[in-house]
Amino acid sequence: MPHNKIYIFDTTLRDGEQVPGCKLNTKEKIELALSLEALGVDIIEAGFPISSPGDFESVNEISKIIKNATVCGLTRAVQKDIEVAAEALKYAKKPRIHTGIGASDIHIKYKFNTTREDIIDRAIRAVKLAKNFVDDVEFYAEDAGRADMRFLAQLIEKVITAGATVVNIPDTTGYCLPGQYGEIIAFLKNNVTNIDKAIISCHCHNDLGLATANSIAGVMNGARQIECTINGLGERAGNTSLEEVVMVLKQHKELGLYTNVDAKLLWPLSRQVSEVMRVPTQPNKAIVGANAFSHSSGIHQDGFLKEATTYEIIDPLEVGADLSKIVLTARSGRSALAFRLHKLGYQFNRDEIDVLYQIFLQVADSKKEVMDNDLHAMIPSELQVKEDKGAMAMHA
Ligand code: KIV
Ligand code: ZN
């Protein structure tokens, strides 16, 4: 296992598709799978084959078409689920069965009405059965975030002995704090005797807005796979955002961790997912939101125009975004106004900008954003001659 590589396990087509109203057909899933492969993800969780004939078909077709990434199908720790997933994955060049069962006492008591011993038994049987069909078997200990750590360690040790190659430690309910989630991973690293035979995976939900922070805490404590989705889509408040974890690892080189993702494809893929799943992305979403590289307040705009790194830690081109935007609002300052007027082809001196700035503030107070046509309209006729024809041609 390369020590510093973080495997990116994309579950947009499975956990992401669990968003109400986001159901995808096979054609849509294939298109997204191809884009995910181009992005450089290591594993594509293509669906839950036993859940419907449509999902079976999607996993089956994606298996035929994907060349480099591992294609994964989800199952419960149930014989029929595993057999159906194996059938759906039969054409995959690198198939993985993802099987598992509840690990917290809440799940064991209320969902399964059983004992810890029985959970271990069912988990071992599921992994062994999956191993008959594929070499690569990932085991998930559902609700691990709220499980008893000693029991979790016991369960994980047994499934690795049964043949699990990856052990997924989901914070299914998004309950953990980053320190707590990191502690669970560290505990498993230190207390599961055969842990070096498997990759530990983080699967964090965002119920408290901590999914990204928890996944990063996981890899800082020894996990080497992150399960995530484009735009953070997923059950309830969603999953860890792929674009966020990839950029955290790129920005924080001191962690010494890297992924294979081609960051320049993050913006186009975010838009593709939002469109096909019909879920608009919040404008302030980290990395891919429409405002992620927009500057609106005067203080920020002034600094940004002097030197972009004063207010930007990521060059928008690095993630395939449009150039940074200076948004003109009533909070904008003179330097942003002068910059924008210059872009529109006008050349004004400081005194003229002072006069125009007062007019601008009146317009800005009556609107959410001052657009280029507002700027043209607010320039008094005696100043219209200040238009710089050369610049106009340049920006036409
Ligand atoms: O959140 C979760 O626990 C899951 C498992 C099925 C991996 O999605
Ligand atoms: Zn999940």
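1. Start with Asp10: its bridge partner in β2 is Ile44. Strands are DSSP runs of E of at least two residues and helices are runs of H or I of at least four, numbered from the N terminus. β1 and β2 run parallel and are joined by 2 bridges; two strands pair if DSSP finds at least two bridges between them. Between β1 and β2 the chain passes through α1, in a right-handed β-α-β crossover (clockwise from the first strand over the helix to the second, with the strands pointing away from the viewer).

2. A note on the basis: this is a predicted model, in which local features need pLDDT of at least 70, side-chain atom pairs count only at pLDDT 80 or more, and totals for chains, interfaces and linings use all residues. Residues are numbered from 1 along each chain, chains are lettered from A and ligands numbered from 1 as written, and side-chain values use heavy atoms, without hydrogens or water.

3. Next, look at β2 and β3 (residues 70–74), parallel strands joined by 4 bridges. Here Glu45 stands opposite Cys72. The chain gets from β2 to β3 through α2 (residues 53–65), again by a right-handed crossover.

4. In β2 (residues 43–47), 5 of the 5 residues are buried, so the rest of the structure largely encloses this strand. Buried means under 20% relative accessible area, with a 1.4 Å probe and protein chains only.

5. Finally, Asp15 (OD), His203 (NE2) and His205 (NE2) coordinate the zinc ion (ligand 2) at 2.0 to 2.1 Å. Donors are N, O and S atoms within 2.8 Å of the metal (3.2 Å for Na, K and Ca); water is not among the atoms, so sites may look incomplete. Both Asp15 and His205 are buried.

Conventions:
Buried means under 20% relative accessible area, exposed over 50%, partly exposed in between (1.4 Å probe, protein chains only).
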